[in-house]
Amino acid sequence: MEENQSNQNNNNQTETSQTFKSANPIVTETSYKEFRNSEKRPKSSGSGFGKTVVLPFFCGILGTALVIGTCISVPSIKEQIIRQLVTTNNTSTNDENNSSSTNINTQLISLQGYSDTGVGVAKKVQPSIVAITVEYSVNSIFNRTPSKATARGSGIIISEDGYILTNNHVINSSNSSNNSFYEIGKANKVTVKLYNDDTEYQGEIIGTDSQTDLAVIKIDKTGLTAAELGDSDSVQVGEFSMAMGSPLGLDNSVTAGIISAVNREVSDEDGNKYIAIQTDAAINSGNSGGALVNSKGQVIGVNTLKLSGTSVEGIGFAIPINATKDIYNQLIQYSKVKRPYVGIGGSDLTKEIADQYRLALDVGVYVRSVDDFSAAEKAGIKPGDIIIEAEGKKITTMDELNEIKNKKQIGDTLKLKIHRDGKEKEVTVTLQEQP
């Protein structure tokens with residue numbers, strides 16, 4: 001038993017010696033103590049590592065934080081830092097989805113910059129906007145003596161010698177009156193007030209056009225500030241817009257918003273159709289004839305219509321300024337707009353109407369009447385004909401026929417295809433001036 005224990009002890013000693021031997025072949029009892037002491041020495045050098053590595057590292061972090069904090073407290077430096085961050089973020093976003101975000105401007109814009117734009121636009125354009133007051137005679141079935149009524153609107157100075165562009169319905173309110181109890185006559189007096197000028201100038205009606213709802217008046221004054229006209233064909237949805245005029249008699253008012261839509265087809269109370277610019281800048285009664293301008297202070301439209309109602313908000317319309325240029329030039333030159341004229345009275349022929357009267361055709365323009373001595377009569381068009389094509393293009397409505405016709409000049413020819421007695425026939429109309 002003791003022998004076994006002795007052998008076991010010897011074996012343990014042998015294993016221990018082997019263990020240390022594999023670590024260090026010359027370890028003795030004395031050297032082992034020294035070895036153990038040597039293992040503790042690196043702990044004493046920890047303070048040196050902290051001084052040479054850790055402390056400078058944290059000091060560097062602290063210094064960086066102080067520098068960044070100081071920079072951010074300076075507005076100009078802060079703006080540069082934010083702009084750089086936005087640019088960096090935008091670059092990485094473009095790399096991930098280049099096709100959808102390359103054309104999107106993600107730069108930050110300060111409210112001060114937006115405010116300065118509005119202030120600058122207002123200062124530039126307001127001297128070119130006028131307030132218009134029109135006096136009418138009103139004949140009523142209740143009064144034998146005509147009474148007087150006034151209407152207010154706005155206008156845009158288009159020349160320094162006093163020509164002003166406005167809406168026809170501002171000058172001719174009789175065109176929009178459908179009340180059977182009274183009749184509004186033509187304007188008896190037109191008064192114009194300029195920006196920052198209390199003088200009332202007498203306005204002369206130069207010409208009006210109900211089809212486009214445009215009119216030109218003139219005052220006897222020179223040296224006026226004519227508005228700068230922009231390019232309404234380049235207007236984009238979402239861009240800045242400002243409406244200027246005299247809503248509800250509040251002269252020199254401005255409202256701002258964005259362009260909500262372009263090439264919007266709208267109709268007025270008289271059934272006239274317009275291709276208009278839509279905006280959410282507030283347009284109210286009295287804004288008619290005023291200017292819709294862009295961020296450069298250029299007039300891009302003439303404020304004309306608005307939708308109103310308890311469930312409607314921020315829907316106004318303006319006639320694109322490019323569409324007004326030929327009109328107001330003709331109004332100044334001729335006091336009217338010269339348009340090509342066919343000379344028919346027509347109705348839209350729908351499939352339902354064709355089925356009702358058992359007609360072979362389902363779409364086209366049904367000729368109800370032909371004016372005497374008109375271009376249509378001279379071309380041989382007769383009542384009962386159905387116009388199915390104009391200039392090689394199929395048509396289904398009078399609006400489509402007029403759109404093609406209005407692109408031509410007086411004296412031009414218009415090729416039509418008609419359906420008569422079950423047969424198709426081509427005729428050529430030489431357009432006349434509309435009487």
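What is the volume of the largest cavity? It is about 60 Å³, and I'll come back to that space in a few minutes. Good morning, everyone.

A word on the ground rules. This is a predicted model, where local features need pLDDT of at least 70, side-chain atom pairs count only at pLDDT 80 or more, and totals for chains, interfaces and linings use all residues. Residues are numbered from 1 along each chain as its sequence is written, and side-chain values use heavy atoms, with hydrogens and water left out.

Let's start with the overall picture. The protein has 11 helices and 20 strands; helices (H or I, at least four residues) and strands (E, at least two) are DSSP runs, numbered from the N terminus. Of its 435 residues, 35% are buried, where buried means under 20% relative accessible area, exposed over 50%, and partly exposed in between, with a 1.4 Å probe and protein chains only. Take the contacts between residues at least 6 apart in sequence: 59% of them join residues at least 24 apart. Contact here means heavy atoms within 4.5 Å.

Now, the barrel. Six strands close up in the order β7-β8-β9-β12-β11-β10, with antiparallel pairing. Two strands pair if DSSP finds at least two bridges between them. From one strand to the next, the twist averages 50°. Helix α6, residues 111-125, packs on the sheet and touches β7 (240-245), β8 and β10 (291-293). The direction of α6 makes about 35° with that of β7; axes are lines fitted to C-alpha atoms, for helices over the stretch in contact, and angles run from 0 to 180 degrees between N-to-C directions.

Please look at β12 with me. Which strands pair with β12? On one hand there is β11, residues 299-306, paired in the antiparallel sense over 5 bridges. On the other there is β9, also antiparallel, over 3 bridges. If you want to click on bridge partners, K306 goes with G316 of β12, V302 with I319, and I277 with A318. How much of β12 is buried? The strand is mostly covered, with 5 of its 5 residues buried.

On to the open space. The largest pocket holds about 1700 Å³. Here are the terms: on a 1 Å grid over the protein atoms alone, a cavity is a set of points where a 1.4 Å probe fits but cannot get out, a pocket is an open set with protein on both sides within 12 Å along at least five of seven lines, and lining residues have an atom within 4 Å of a point. Grid points are joined across faces, edges and corners, and a volume is the space filled by probe spheres set on the points.

The largest pocket has 49 lining residues, and Q211, T212, K273, R339 and N406 lie nearest its centre. Helix α11 gives the most, with 8 residues. By class, the lining of the largest pocket has 19 nonpolar, 16 polar and 14 charged residues. For this count, Ala, Val, Leu, Ile, Met, Phe, Trp, Tyr, Cys and Pro are nonpolar, Asp, Glu, Lys and Arg are charged, and the others, Gly among them, are polar.

Residues lining the largest cavity include Q126, Y195, M244 and N252. Strand β1 (129-140) gives the largest share of that lining, 3 residues, and the lining has 5 nonpolar, 5 polar and no charged residues. The second largest cavity has about 30 Å³ of space, with R152 and D251 among its lining residues. Here too β1 gives the largest share, 3 residues, and the classes are 2 nonpolar, 4 polar and 2 charged.

Last, a pair of backbone details. Most residues other than glycine have a negative phi. D213, in the loop between β5 (200-209) and β6 (214-219), has a positive phi of about 60°. N252 has a positive phi near 60°, and sits in the loop between β7 and β8. Are these residues buried or partly exposed? D213 is buried, with a relative accessible area of 4%, whereas N252 is partly exposed at 34%.
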